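Open the viewer and get ready to select residues. Each stop below tells you what to pick and what is there.

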Amino acid sequence: MAKFEVSLSEGTRKDFHVILEEGTAVARTALQACIVASATSRRRASWLLLMGPVTEAQQSMQDLPFGQLVGGEFDLEMNFIIQDAESITCMSELLEHCDVTCQAEIWSMFTAILRKSVRNLQTSTEVGLIEQVLLKMSTVDDMIADLLVDMLGVLASYSITVKELKLLFSMLRGENGIWPRHAVKLLSVLNQMPQRHGPDTFFNFPGCSAAAIALPPIAKWPYQNGFTLNTWFRMDPLNNINVDKDKPYLYCFRTSKGVGYSAHFVGNCLIVTSLKSKGKGFQHCVKYDFQPRKWYMISIVHIYNRWRNSEIRCYVNGQLVSYGDMAWHVNTNDSYDKCFLGSSETADANRVFCGQLGAVYVFTEALNPAQIFAIHQLGPGYKSTFKFKSESDIHLAEHHKQVLYDGKLASSIAFTYNAKATDAQLCLESSPKENPSIFVHSPHALMLQDVKAIVTHSIHSAIHSIGGIQVLFPLFAQLDNRQLNDSQMETTVCATLLAFLVELLKSSVAMQEQMLGGKGFLVIGYLLEKSSRVHITRAVLEQFLSFAKYLDGLSHGAPLLKQLCDHILFNPAIWIHTPAKVQLSLYTYLSAEFIGTATIYTTIRRVGTVLQLMHTLKYYYWVVNPADSSGITPKGL
């Protein structure tokens, strides 16, 4: 290049430099665009470099590239939170080029990471990992399919969208009497879906400095009739290093002078604090061992007494676990302008809550034990205002409904926040409009830093969107399907489907109504009659009997129990060719435990049932073939 420049005249050399500079600028711009556009490609490249050549895939877990996921040195106990969401997709794609042993090690470890933290589940949900895995199921090895099914169960029990559920059901649809590859294994995912232990929507607190929900100033704290704070929470620590050093705050309601109320954790214990003046106050230790990664409902009741000591009562999961006297109450005319959920007023890193928080309620009354126990019966997903008896899909006893919906709880809500009622970083205060406001101005709160409102999708909401409980019935029509290159029928499918069906029905009143209205047990009974009797195993009978016992205990269960009896339990065509022990167990239950229940005569028709049993004896359970003597053609041969 230098020799070429020397050979040019001075004027031509200047023109050449201008052209060269323009070309350099264009090239630099193009290169920057290429770098930005290929961010994902670079991630793939880094994964490939870390994993090494396909033929030399690492065999030890220490060498696996989880550092890319967590943004540092991976450790299952100390550093396991996924930081780079796009790396999950890269990992999924690139593992297809590894040997089976390497894939198995990585997928099993990744499933362990998912179980460790809700954050990892949420990150995987956001990148659509369920859909990615379902699409590759038909091509993977048997051992890898088992691991992927296990991981899908973990993900689907956390959240599954309508699109993902439709894809799953499409992969269970057989053709020409053949199950799709790995379809029978995928059925086990269904059983894990209803196993949810927390709310569908919640606030996620990352545990970093200043990450909290800031409430607006409160004009005057409502202590005259006592007050109650109620919420569901789940501790989800980043690691186990500073568990004993940190003091994460569940809530803090204080004035600028430090006067007010708070609750914070020391290890696994909760300390409730009431400060009358700076440095002078009262602390009460809740005598309960709160375990990380487990949901709890906490209810802290402050009882105000004018002429004697005030009291504090603490309930966990609806049960009184701790109580004591409080020598003085907080009385100040200052506004409470240092109010936070998930943090102290300082909001430094070792005083912020790390975990999840459900709907938060503060009542202007000291709630009684019956009210708190009834609130717990509503479950962690409740986020309404105790106004309408039919709002919950959970079966409640009548006396619980009376306590919840007599108007006292609704009228005593001072404020409530939940993750569904949010707009960007704004938390909308959701108490009834007619309740007086205790705030100085607007009642809406603000999520600070990386606090997020998380909305997940349960199997109940997803299956309702694709047709309800009826979408399961076609699967019963496929019981006689066989797996490819296998002449034997799968005898576990019926029990697996029934376990899923029964779990859905037990957890949802709406599902029970769908089953009753759609004559679900009539359809299932007909399909079982058409199928081979090898499917009617002891496990299938136990599912039917357990659901019969469950319905017998419900005040509204009689119509569905009657349908179950008519079309399943008293249908001899289903049971006649099953093993003798199965039939003996069925009729022992019907003749002893079932007939002895108090609700039996409202469940079955006495005359009709007797006729049905006589018909069963005549056509199915004859001792001597009646065809020769009476002309009756026996059934079940």
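Start with two strands. Select S6, residues 260–266, and S7, residues 269–277. They pair in the antiparallel sense over seven bridges. This is a predicted model. Now pick Tyr261. Which residue in S7 is its bridge partner? The partner is Ser274.

Widen the view to the sheet. Nine strands form an open sheet with antiparallel pairing. Follow the order S8-S7-S6-S5-S12-S3-S17-S16-S15. Which strands stand at the edges? They are S8 (280–286) and S15 (422–423). Each has a single partner strand, so one side of each has no neighbour in the sheet.

Next, select His302. This residue lies in strand S9, residues 295–303. Is His302 buried or exposed? Its relative accessible area is 5%, and the cut-off for buried is under 20%, so His302 is buried. Show what touches it. Leaving aside neighbours within four places in sequence, the contacts of His302 are Gly226, Phe227, Tyr261, Val272, Glu311, Ile312, Met326 and Ala366.

Turn to the aromatic rings. The whole structure holds 27 aromatic pairs. Select Tyr288 and Tyr296. Their ring centres are 5.7 Å apart and their planes stand at 80°, so this pair is edge-to-face. Tyr288 is partly exposed, at 28% relative accessibility. Tyr296 is buried, at 1%.

Now select Tyr361 and Phe363. This aromatic pair is stacked, with 5.8 Å from centre to centre and 10° between the planes. Tyr361 is buried at 3% relative accessibility. Phe363 is buried too, at 0%.

Then colour one aromatic cluster: Trp221, Phe227, Tyr251, Phe253, Tyr261, Tyr336, Phe415, Tyr417 and Phe439. Two of your earlier stops return here. Phe227 and Tyr261 belong to this cluster, and both are in contact with His302.

For a charge over a ring, select Lys116 and Phe80. Lys116 lies over the face of Phe80, at 4.9 Å from the ring centre.

Finish with the nonpolar cores. The largest has 120 residues. Which members touch the most others? They are Phe110, Leu186, Phe386, Phe544, Leu564 and Leu569. Zoom in on Phe544. Beyond its neighbours within four places in sequence, Phe544 is in contact with Leu498, Phe521, Leu528, Leu564, Ile568, Leu569 and Trp575. A second, separate core has 50 residues, including Ile213, Tyr304, Phe415 and Cys427. Phe415 is also part of the aromatic cluster you coloured.

Definitions and conventions
Residues numbered from 1 in each chain as written. Predicted model: local features only at pLDDT ≥ 70, side-chain atom pairs only at ≥ 80, totals over all residues. Heavy atoms only, no water. Core = buried A, V, L, I, M, F, W, Y, C linked by side-chain atoms within 4.5 Å. Buried < 20%, exposed > 50% of the residue type's maximum accessible area, 1.4 Å probe, protein only. Contact = heavy atoms within 4.5 Å. Helix = DSSP H or I, 4+ residues; strand = E, 2+ residues; numbered from the N terminus. Pairing = 2+ DSSP bridges. Phe/Tyr/Trp six-rings, centres within 6.5 Å; stacked < 30°, edge-to-face > 60°. Lys NZ or Arg CZ within 6 Å of the ring centre and 35° of its normal.
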